[in-house]
Amino acid sequence: MKGSLLYEGKAKRVYHTDDPEQLILSYKDDATAFNGKKKESFPGKGRLNNLITSKVFQSLHQQHIKTHFIQALNETEQLVYKTDIVPLEVVVRNKAAGSITRRLGITEQTLFQPPILELFYKNDELNDPLINDVHAYHLTGIREQDLLFIKEQALLINEHLSHIFQKAGLELIDFKLEFGFLPDGRLVLSDEISPDTCRLWDLETGTKMDKDVFREEIGSLTDTYERILQRLEESVCAK
């Protein structure tokens with residue numbers, strides 16, 4: 001049963017439940033870009049991100065990747081285990097796009113082999129700065145073995161996600177992950193995996209099919225996300 005509001009972020013509201021170790025995530029229709037400087041609401045976006053994230057997490061569970069996800073409750077809400085989120089954004093890059101092209105002058109679409117993994121400190125006031133491992137230990141209190149586990153999991157998740165999206169006719173360019181500690185001390189994948197947190201390009205045409213549609217104003221965000229959901233559903237049914 002949904003209880004009181006615990007927290008409201010840019011894309012989701014988090015609610016208590018009757019179980020102190022479980023929460024309800026309610027996906028909002030809001031879209032933000034450039035660290036919240038660009039904002040807009042798109043009716044139906046919350047439903048799409050909830051359903052896409054649910055399907056992706058279910059697929060990861062089949063590959064024995066532990067996450068906070070329990071089940072989708074309805075079109076906009078999902079039940080998850082409560083985790084103590086590590087204030088890091090872990091970004092895995094398979095090809096150059098977005099901020100890394102501006103920071104390092106790397107041409108867009110440059111292939112990274114092996115993938116590049118970057119850490120960003122989750123702090124809105126500092127605009128989520130890029131940090132190294134030693135910064136992470138100092139700023140978040142995370143232990144070396146836990147950060148190593150996060151990095152290993154991120155690269156393993158990249159392999160599985162790339163396969164999931166490839167079957168749906170999409171190329172996974174880059175994505176960000178968040179991890180959190182369960183009450184028993186285990187680290188698990190948390191937050192969401194959706195077109196808000198992934199760069200996805202059509203395998204055949206190279207068309208951008210993610211939040212860059214909103215950032216760059218190059219199409220309909222909800223139409224794009226709807227196509228992604230349909231492709232994921234079709235690829236699951238085609239197994």
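At what angle do helix α3 and helix α4 pack, and how far apart are their axes?

## Helices α3 and α4

In this predicted model, helix α3 covers residues 133–140 and helix α4 covers residues 144–167. The two pack at an angle of about 120°, and their axes are 10 Å apart. Because of that angle, α3 counts as oblique to α4. The crossing of these helices is right-handed.

On the α3 side, the contact is made by Asp133, Ala136 and Tyr137. On the α4 side, Glu144, Leu147 and Lys151 meet them. The residues of this contact divide into 3 nonpolar and 3 charged, with no polar ones.

## Helix α1

Helix α1 runs through residues 45–62, which is 18 residues.

Is α1 mostly covered or mostly uncovered? It is mostly covered, with 13 of its 18 residues buried. After α1 comes His64, which has a positive phi, near 65°.

Thr76 lies in the loop between β6 (69–72) and β7 (77–81). Its relative accessibility is 29%, so Thr76 counts as partly exposed.

Which residues does Thr76 contact, leaving aside its neighbours within four places in sequence? They are Leu25, Ser26, Tyr27, Gly46, Arg47 and Asn50. Thr76 and Leu25 are 51 residues apart along the chain, and their C-alpha atoms are separated by 8.3 Å.

Conventions. Residues numbered from 1 in each chain as written. Predicted model: local features only at pLDDT ≥ 70, side-chain atom pairs only at ≥ 80, totals over all residues. Heavy atoms only, no water. Axes fitted to C-alpha atoms, helices over the stretch in contact; angles between N-to-C directions. Helix = DSSP H or I, 4+ residues; strand = E, 2+ residues; numbered from the N terminus. Parallel < 35°, antiparallel > 145°, perpendicular 65-115°, else oblique. Left-handed = near helix turned anticlockwise from the far one by under 90°. Contact = heavy atoms within 4.5 Å. Nonpolar A, V, L, I, M, F, W, Y, C, P; charged D, E, K, R; others polar. Expected span 1.5 Å × (residues − 1). Buried < 20%, exposed > 50% of the residue type's maximum accessible area, 1.4 Å probe, protein only.
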